[in-house]
Amino acid sequence: EPKCTGPATPYEYLNLLSSAGYDRSLRPQCGTVGEPTKVEVQFYLTQVNNIDQKMSTMELSGYLRYWWNDPRLAFNGTDKGGCSDDVVLMGLDGDRIWVPDVFVFNAASRTTDGLANLTNVYPDGTVWRSVQTTIVVQCKLDLGPLPYDKHVGFLKISSFNHDSTEMRLVPRGGTPGLGLSGVALKGAAMTNNVWLLMDGTGDEGFETEGLVEEIDGQDYLTMSFSFSRKPKYFFDQVILPCVLFLLVSYIQVWVDPTKVPARAFLSVIPVLIMRTLSNSVYTSLPEGSQKMWLSDLLRAFTIWTIIGVVEFGVIQVFRSREASRDKKRDGLKAVEKEAKVMIAAAKEENISLVALVDKCKAVEKKVEDSASICVASEESTSRGIKESHVLFVKYFIDIFNYFDADGSDKLHANEVRRLLTCFNVYMSKAQTASVMCMFLRDQGCLTPKDESSVEVHLDQLCILLLELDKYVMRHGRMGIVEMWQSFRPSVRCDMLARVIILVGIVLTLLILYLCLPTYDMA
């Protein structure tokens, strides 16, 4: 059997090139003299190690592969009596031939030290080189639709020294020239707990075309792939807790306003939790001014929880005013006996209650060798009426005169309804008229058939206020206006909040999800 000729080992092959005067600093000529060297490039992605959202970088692991033809490297294959059909150059041996001087334009850092480096040379001078690489690349992350965001990662490759007249970069299997062609990026089947790569890679992995552009006379090859976030983490840990604690904030409007500590807890704690959730989101995100859906959701929900706190404060203001009015009514009821005595005395003397109150005022009295002094009037002394008793009656008279705008010394139902609110009694106009008619009939007075036209005098209204509890009972169906008029301001505020806050929360969620596509910069 004849013995093969030519190099049998990489060592013999490299020695043969050296003896033939091979210069690895000169690029190979392709076809006619002066044609650019065609270099096919492909990156085989094995793993996305990390995506740093704060720095907008990605760390990728894989193999950067090149194919080119160098006629100076040709040798006889086994079909022509040679000893081998390929020469495998490992590690630094691969650097003893001409290698394309490519670099990754958007690389932040790149590591090849200590990683695999393999170069295959074939009989016709075709060279295949594969360099294991861990590379960190810059990529613009569009975090607007977070946590439903989608991104495009890419590597942009060009030559250090050769322009497009000397070297053309081509995606593997593509055609020289500008545009999309070939397979520039291949990926193995891979999974990630945070990201969905290429909308889910099957068992066969994925492939993407390469885009060649010419910038300043040089070829730039862009190889890209898409990836999107799996929203489950942010939904479970941010969005869902936000909604739940917002409902906790909403529940406080259903709690009895007298339970101040409970309402304070339910209104304030959700605000603090919203701030904590907002801060936690930005621990892994850039603190920039980019419009972000999740940030807007947190901001909107925080505003609603603050509205709950404000509503709680308004309720307490209303309750403070209501408590003050309750005290005034309690004060009037405390002098019920004396007030009725005064009213009876006014009727007996056939004078108005106002005139009797004036007669009960302190009077000036002169004492020998002394300045004038004030003493209780004979009217108040004879009837056992003290000035403290007169004080509350006088306050009631002042309120009556305030609402008796026409000076008729009578109030109709709507005026009485408004006057009663000064003593924290709230009824509808129809209720007020009905109560007035019942009271007047019990007093032996005639009442009109149309209850809404009923009127009362000062002394009658004073007695009615003192005995009001006997006549007030909410019964039957009432219209919305009548029901609204019969509630205290604090209750009205709670009723409004129950509707407005709930509708506002639902509309906020609906609007945010409808506007989600507008957050996508793409």
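In which helix does Leu509 lie? Leu509 lies in helix α13, and helices here are DSSP runs of H or I with at least four residues, just as strands are runs of E with at least two, both numbered from the N terminus. Before we walk on, please keep in mind that this is a predicted model, in which local features need pLDDT of at least 70 and side-chain atom pairs count only at pLDDT 80 or more, while totals for chains, interfaces and linings use all residues. Residues are numbered from 1 along each chain as its sequence is written, and side-chain values use heavy atoms, leaving out hydrogens and water.

Let us stay with Leu509 for a moment. Leu509 is partly exposed, with a relative accessible area of 22%. The words follow a simple scale: buried means under 20% relative accessible area, exposed means over 50%, and partly exposed is in between, using a 1.4 Å probe and protein chains only. From Leu509 to Lys361 the separation is 148 residues in sequence and 65 Å in space, C-alpha to C-alpha.

Helix α13 covers residues 489-514 and gives the most to a nonpolar patch, with 8 residues. The patch lies on the surface and is formed by Trp484, Leu496, Val499, Ile500, Val503, Leu507, Leu510, Ile511 and Leu514, with about 840 Å² of accessible area together. Such areas come from the Shrake-Rupley method with a 1.4 Å probe, and for residues only the protein chains shown count as cover. To belong to a patch, a residue needs over 30% relative accessible area and no salt bridge; nonpolar side chains (Val, Leu, Ile, Met, Phe, Trp, Tyr) are joined within 5 Å, and like charges within 9 Å. Ile500 is a patch member found in helix α13. With a relative accessible area of 48%, Ile500 is partly exposed.

Now for the charged residues. Side chains of opposite charge can pair when their charged atoms come close. A salt bridge is a side-chain nitrogen of Lys or Arg within 4 Å of a carboxyl oxygen of Asp or Glu. By this rule the count comes to 20 salt bridges. One of them joins Lys156 and Glu213, whose closest N and O atoms are 3.9 Å apart. Lys156 lies in strand β8 and Glu213 in strand β12 (residues 206-215), so this pair ties together parts that are 57 residues apart in sequence. Lys156 is buried, at a relative accessible area of 17%, whereas Glu213 is partly exposed at 30%.

Asp398 is partly exposed at 40% relative accessibility, and Lys394 is partly exposed at 35%.

Another pair is Lys410 and Glu455, with the closest N and O atoms 3.4 Å apart. Here Lys410 lies in strand β16 and Glu455 in strand β17 (residues 455-457), so the pair ties together parts that are 45 residues apart in sequence. Lys410 counts as partly exposed at 29% relative accessibility, and Glu455 is partly exposed at 38%. Salt bridges can also form a network, as they do in linking Lys38, Glu40 and Arg172.

The loops have some backbone details to look for. Asp409 is found in the loop between α8 (387-403) and β16 (410-412). Phi of Asp409 is near 65°, a positive value in a residue other than glycine, and Asp409 is partly exposed at 39%. Asn350, in the loop between α5 (336-348) and α6 (353-359), also has a positive phi, near 60°. Asn350 is exposed, with a relative accessible area of 70%. In the loop between β7 (126-138) and β8 (150-159) you can find Pro147, and the peptide bond from Leu146 to Pro147 is cis, with omega near 10°.
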